[in-house]
Amino acid sequence: MKPALGRNVRGAERFVVWGLVALGLAAGAQGAGVADANAFLAAWLGAQGELKTWSADFTQTRTLKVLTEPLRTPGRLWFAAPDQFRWELGQPPQTIALRRTNELFVIYPRLKRAERYPMTAAGGETWRDALALLDAGFPSGRAEFDARFRVLSLVETDGLATVSLEPRSVSARKFIKEIRLTLRTSDLALTANELRFADGSSLRNDFTNALANVAIPPERFDPALPADIQVVEPLKR
Amino acid sequence: MNVLRRWGWLLLLGPVVIGLARLRFDADVLNLLPGELPVVQGLKLHQRYFAQDAELIVTIAADDPDSAAHAAQLAAECLRADPDLVASATWRPPWLEHPEDTAEFIAWLWLNQPPEAMRRLEAGLAATPLRERLRATREALATSMSPAEIGRLGYDPLGLTDLPASGAAASPGQGEEQFTSADGTFRLVFVEPGPASSGFATAHTWLTRVRARLDECVRRDGWPAEARVALTGKPAFVAEAATGMRADIRSSVAGTLAVILILFWLAHRRWRPLLWLGFFLQVILLGTAALGGLLVGTLNLVSFGFAAILLGLAVDYGLVLYQEARAHGDLPAAAVRERVGGGIRGSAVTTATAFALLLLSGLPGLGQLGLLVALGVLLGAIVMLYGFLPLARGEHGTTGRHGGDGQRSPAAQSPVRFWHARLANPVATLLLVVGGLVLWQRFPSVDHSTQPLSPRHSPADAAMKELEHHFARKGGSVFTLVSGQDEAEVRERLSRLEDAFRVAGSHGTVGGHELPLALWPVPGWQRVNLAVASALADRTEDFRGALREAGFSSEAMALAEGVFRAWQAFAQAVGPVWPSSDSARWLLARVVARTPDGWLALGAVHGAGTEAVAQAARDVAGVTFFGWQLLGESLLQYMETRVTWLFAMMLVALVVCLRWTFGNWTEPGLSLAALAFGLFLLLLVMATASWSWNLMNLTALPLLLGAGVDYAIHVQLALRRHAGDLSAVLGTTGRALLLCSGTTVAAFGSLAWSSNAGLASLGAVCAAGVACMATTAVGFLPAWHYAARRHDAVMD
């Protein structure tokens with residue numbers, strides 16, 4: 001049986017949600033060298049305390065089952081500890097994702113539309129999982145990280161280390177099979193991440209021009225929605 | 001001839017066996033209620049024709065949404081593993097588990113749209129607009145962050161899910177709210193019973209097996225530790241009712257029988273009559289049950305309570321007969337029957353009439369109980385007169401005279417005489433004053449809820465209340481049933497109702513409403529739309545090519561191909577079409593029903609009372625409003641009218657009977673005063689015990705009138721018979737009355753522990769009422785009688 005709407009909607013959910021997840025993980029993925037998975041993670045987790053801000057350009061590649069060719073879109077990411085980020089997709093931005101503590105705004109400037117997702121609302125499990133994993137990019141310690149992820153493998157090739165992770169959350173695992181982080185072994189800088197979904201689709205971000213601990217103006221994380229933007233809450237019942 | 005007289009009773013065995021074989025139990029609470037009430041009609045229609053009413057509901061409560069969802073899935077999978085036990089277990093909207101069903105449903109929703117909407121779809125799929133649409137879709141797929149949008153655009157590039165607003169509201173994907181609470185920590189699994197559940201008798205066994213399977217599931221690795229499971233829904237209630245009824249019958253009948261036999265032993269200390277009494281009481285029960293089987297067939301939740309009441313009433317005849325036989329030990333049974341038979345027959349007819357009047361109470365359950373007790377009382381009188389009396393008396397008569405005719409020791413008589421001469425009236429006055437003050441402060445209130453219809457100590461009821469807590473809507477809901485002879489008529493009525501509710505909503509008289517308008521076909525629209533749909537389906541290859549050219553894979557065409565196939569299949573059907581997939585049927589079974597007379601559509605109105613809703617829909621025919629929360633008030637209004645009418649009718653009948661019995665107005669007046677005082681005492685007991693009146697125990701009033709007047713007549717006739725000799729009256733009639741009322745109180749009192757709340761409250765009020773009536777008749781009435789008749793000299 002070919003996939004139909006319901007399953008496909010879920011596939012699409014995985015696609016976008018875990019894009020954010022990977023972004024969070026990527027933002028936190030800077031650290032020391034790699035010897036084995038544990039040592040690598042220990043070094044990486046140890047470096048998290050020093051990370052205050054992070055920004056980078058990226059190219060996002062969406063390989064969808066419904067398309068014969070992948071879709072590539074440029075974008076830029078800003079992150080500020082402990083839990084703020086702004087992700088702009090497209091140049092000029094077609095979509096902006098902006099997270100502030102316990103709510104997420106997805107803004108479509110061209111459509112003059114914004115969606116607000118409170119993280120505590122029912123039906124927002126997808127977003128909650130995404131945020132939980134986003135937080136995992138900035139874990140307070142090894143125990144917390146291990147509670148959320150299982151390390152599947154660590155492969156080192158040509159000066160790059162690829163760590164494969166699996167979310168421990170049952171609901172998260174239903175739509176994402178694997179998260180891959182690619183880091184330079186020399187400085188643990190994140191160069192790419194990739195989300196692999198159950199239906200065979202994938203999302204990959206290749207990062208360039210990364211800047212760590214460079215001051216980011218606070219207004220970067222303020223939605224500051226113009227009056228003509230319509231705000232909706234899709235999860236509101 | 002003698003053989004026939006001696007063994008003729010064996011001929012009765014045939015009807016008894018047939019009657020008992022026909023006997024069935026009905027655990028449906030709705031069958032206790034008056035069928036002519038619209039709210040009851042609505043509930044019955046909903047129960048009969050809508051799927052969810054037959055489903056067991058497994059509730060899952062957990063600390064977080066993830067655990068609740070995981071536990072619900074595990075529970076459903078565990079239950080599905082036994083197809084004999086469970087036909088289906090649904091823990092989330094079925095179309096999420098069977099997405100292949102979605103295409104047919106979307107195809108069907110398009111057919112239900114106005115023809116202009118279908119033509120707009122057709123125009124949008126013409127070659128040029130389609131090319132522009134596919135280009136925009138690719139762009140959105142690259143930049144959208146909405147999970148729903150990416151899914152919809154990717155797998156529906158033709159826009160077949162872009163249903164007009166009304167259709168979109170009904171489309172799949174919005175059904176989670178039926179399964180999960182707002183915070184996601186409380187979930188429901190709907191379980192359709194399998195072949196192993198085949199009715200009332202097996203309900204408990206089936207539920208036990210379901211519970212065992214769930215327990216096994218909970219013990220498995222992977223079950224969220226904090227997730228808790230409970231069961232509710234009709235199958236759970238039926239199972240509880242089945243075990244509750246069995247336990248109630250056992251405990252009330254056994255308890256009453258034991259009390260009766262102990263009282264008899266204390267009074268007479270004879271084994272032979274005691275054993276015969278026990279035997280014949282059971283014969284009476286069996287005979288009445290057989291009569292019930294022959295005349296009624298099915299006993300309901302309340303009427304099975306007849307057994308205990310009947311025991312308490314039927315034993316009175318045995319006690320009177322045995323007392324008389326002992327008092328006149330030299331008389332043969334026929335002579336004893338001659339002496340007291342008339343009184344027993346009269347009493348049986350009076351009591352049977354009082355209980356039979358319950359048929360007019362308007363509550364079928366209570367009416368059935370009244371009928372059974374009435375039949376049983378008549379049967380009891382016959383059995384005691386012609387079966388118990390000869391055997392209990394024995395071949396040689398009773399040995400010794402039993403302290404009848406008022407022979408009491410002077411020491412025992414003094415306090416009694418002192419009470420009636422000096423204390424009874426002052427105490428009555430004091431009680432009236434103090435009791436009046438108490439009742440002024442806390443007169444028993446009237447419970448307007450449906451609680452009396454609920455089972456007591458019920459895990460299923462507790463789970464249902466938790467479910468209602470998690471899924472309740474602010475302001476409550478009134479459910480709406482729209483009926484019609486065919487789809488077109490229902491649709492027309494739904495449209496008019498939609499307009500009416502919209503107007504009412506704009507005026508603020510109705511909070512909100514949900515009608516299955518988007519799910520209801522318009523046969524005319526379907527015919528027109530099918531022609532356009534078939535033409536689109538014929539262009540499948542064109543669409544495939546356009547997608548390929550725009551860079552879409554064959555995956556992107558999957559939904560469209562499903563929709564086109566469904567349209568082609570629908571085109572072969574004759575008349576209005578309905579979807580056939582399991583998911584669609586699951587969804588539609590909740591709001592659409594086919595009946596022998598036509599069709600039913602289920603809707604709901606929120607934030608408004610029945611009157612406001614009925615007012616809004618006054619011009620629309622075929623609409624019924626219902627809801628459990630509406631039932632209590634409707635029933636109580638209905639019952640209050642009925643009981644008032646019954647009460648008044650009985651009073652008139654009593655006055656006539658009393659005048660005829662006594663031949664004057666003084667003693668009937670005293671009898672009525674005794675009745676009033678007995679009811680006053682009952683109110684005092686109720687106020688002290690914080691009991692309230694409800695739709696079940698209100699019917700105790702006519703019953704108590706019957707019992708109370710009986711006692712008043714006996715006491716006053718005894719006072720006449722014994723020329724005002726109080727000692728003689730208390731030694732014979734008074735003693736018998738106390739024994740009889742003791743057994744009656746035990747009988748009604750045993751119902752106070754019934755698993756049915758209404759029956760328990762009826763039992764408690766009747767027991768207290770009978771005790772109050774007996775106390776008044778024996779403790780106060782003689783004093784009033786003397787005062788009225790100026791027999792002070794006799795008392796001195």
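Predicted model: local features only at pLDDT ≥ 70, side-chain atom pairs only at ≥ 80, totals over all residues.
Q: What holds the strands of a sheet to each other?
A: Strands of a sheet pair through backbone hydrogen bonds, and the pairing is either parallel or antiparallel. In chain A, 12 strands form an open sheet with mixed pairing, in the order E7-E8-E9-E10-E11-E1-E2-E3-E4-E5-E6-E12.

Q: Which are the edge strands of this sheet in chain A?
A: An edge strand pairs on one side only; here these are E7 (149–157) and E12 (230–232) of chain A. Across the sheet, neighbouring strands are turned by 20° against each other on average, with direction ignored.

Q: How many bridges join E7(A) to E8(A), residues 160–167?
A: There are 8 bridges, and the two strands run antiparallel. Glu156(A), for example, stands opposite Ala161(A) in E8(A). Helix H2 of chain A, residues 37–47, packs on the sheet and touches E7 and E8 of chain A. The direction of H2 makes about 105° with that of E7(A).

Q: Which strands of chain A does helix H8 (residues 127–143) of chain B lie across?
A: H8 of chain B lies across E1 (53–63), E2 (71–80), E3 (84–89) and E4 (95–100) of chain A, at about 30° to E2(A).

Q: At what angle do the axes of H28 (residues 726–750) and H29 (residues 757–789) of chain B cross?
A: They cross at roughly 170° and come within 8 Å. An angle over 145 degrees counts as roughly antiparallel, so H28(B) and H29(B) are roughly antiparallel to each other. Residues making the contact include Leu737(B) and Phe748(B) of H28(B), and Val770(B) and Pro782(B) of H29(B). By class, this contact has 14 nonpolar, 6 polar and no charged residues.

Terms used
Residues numbered from 1 in each chain as written. Chains lettered and ligands numbered in written order. Axes fitted to C-alpha atoms, helices over the stretch in contact; angles between N-to-C directions. Helix = DSSP H or I, 4+ residues; strand = E, 2+ residues; numbered from the N terminus. Parallel < 35°, antiparallel > 145°, perpendicular 65-115°, else oblique. Contact = placed C-beta atoms within 7 Å. Nonpolar A, V, L, I, M, F, W, Y, C, P; charged D, E, K, R; others polar. Pairing = 2+ DSSP bridges.
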